[in-house]
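Welcome! Let us take a friendly walk through a protein together, starting with the sequence and the structure shown here.

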Amino acid sequence: AVDMEQLLAQITREIEPQIGTGSVADYIPALAAVDPGQFGIAVALPNGECYGAGDWTKPFSLQSISKLFTLALSLSENDEDIWWRVGREPSGNAFNSLVQLEYENGIPRNPFINAGALVVTDHLAGVVGDATEAVLDFLRTEAANPDIRCDEEVAASEEAHGDRNLALTHFLASYGNIHGDVRDIVRQYVRHCSIAINCRDLALAGLFLARHGIRRDGSRMLSHSHTKRINAVMLTCGTYDAAGEFAYRVGIPSKSGVGGGILAVVPERCSVAVWGPGLDRRGNSVAGVAALDRFTALTDWSVF
Ligand code: DON
């Protein structure tokens, strides 16, 4: 058996030189103000036990990791319909790129680039009304923490600098691939990206992916095969145009966000949440990737 507490302390020590390196996301001004010298890691086991080290109870901005929850909620609400509107191939382009959309007729490559996530938010909003509330409700229940909130300052900052996401959404709408009101969909998208969460709560919220779709209360959220598919899309598309390198180095399904968080899954064994605000040039946490690299090396828990 793995001594988790000792393992996480060891990882935190080993990656110390990486903490504070990289640069914080500066295209969202409220994120540019975050102290880059922070680092946290949490591991949740299928029985609900959770271990952590470093700044693992300090909230950070969920950002693109929210795309995982909107996808999971869409699949649980409305089965396979979403796959008519978004693909499942890595994009090889930056997460907020516009170029592929025109020559691929308004069908985004995958649900984890901004264009794809905007379509998923639109789809989910069409089923549940408000995508942000659906994500918040899910996170609060799985983490047993009613205090998880959207950081309105981050949301406002992101909306004030939201020209790209508005452009993407208008462009998608011109192909008929946005059904709701463009401004409303971008607002919902920005608000679920702006949720503040800590490593502990994030690891617990991601545990359904390690448990073949079973939630905290034992109820089934997703079928076994839907859960496998989400994990597959995380592995191939979850870290953007660095997904190949990430699979090579770390080897487990993961989803990153520009707040510096990464949620990773080892099916049947655990979920892992890491956070370090300093990003590499593709938008993935430098310390977070290093920690997951050490985690899979020391446990030998890669999926390969
Ligand atoms: O739309 C955006 O640009 C941000 N709300 C989310 C981007 C993000 O997290 C990409 N991550 N690496």
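## Some words to begin with

A residue is called buried if 20 or more other C-beta atoms lie within 10 Å of its own, exposed if 12 or fewer do, and partly exposed in between, with C-beta atoms placed from the backbone. Helices (H or I, at least four residues) and strands (E, at least two) are DSSP runs, numbered from the N terminus.

This is a predicted model, in which local features need pLDDT of at least 70 and side-chain atom pairs count only at pLDDT 80 or more, while totals for chains, interfaces and linings use all residues. Residues are numbered from 1 along each chain as its sequence is written.

## The whole protein

The protein has 14 helices and eight strands. Its radius of gyration, taken over C-alpha atoms, is 18 Å, close to the 19 Å from the globule rule (2.2 Å times the number of residues to the power 0.38) for 304 residues, so the protein is as compact as a globular protein of that length. Along the principal axes, the C-alpha atoms fill a box of roughly 55 × 40 × 35 Å.

How many of the 304 residues count as buried? The share is 53%. Two residues are in contact if their C-beta atoms, placed from the backbone, lie within 7 Å. Among contacts between residues at least 6 apart in sequence, 68% join residues at least 24 apart.

Helix α8 covers residues 163–174. The expected span of a helix is 1.5 Å times one less than its number of residues. For the 12 residues of α8 this gives 16 Å, and the end C-alpha atoms are 16 Å apart, which agrees.

Which residues of α8 are buried? They are Asn165, Leu168, Thr169 and Leu172. Seen down the axis of α8, these buried residues fall within an arc of 95° (the arc of the directions from the helix axis to the C-beta atoms), so they line one face of the helix. An α-helix has 3.6 residues a turn, so residues three or four places apart point the same way. On the other side of α8, Asp163 and Ser174 are exposed. The buried residues of α8 pack against α5 (114–128) and α9 (182–193). After α8 comes glycine 176, with a positive phi near 75°.

## Helix α5, a covered partner

Helix α5 is mostly covered, with 12 of its 15 residues buried. Among the buried ones are Asn114, Leu118, Asp122 and His123. From first C-alpha to last, α5 reaches 20 Å, close to the 21 Å expected at 1.5 Å a residue. Glycine 129 follows α5, and its phi is positive, near 95°.

Proline 90 sits in the loop between α3 (66–78) and α4 (99–103). Why does proline 90 count as buried? Because it has 21 C-beta neighbours inside 10 Å. Leaving aside neighbours within four places in sequence, proline 90 is in contact with Asn110, Thr236, Cys237 and Ala243.

Most residues other than glycine have a negative phi. Tyrosine 240, however, has a positive phi near 60°. Tyrosine 240 lies in the loop between α12 (224–237) and α13 (243–249). Aspartate 300 also has a positive phi, of about 60°, and is exposed, with 7 other C-beta atoms within 10 Å.
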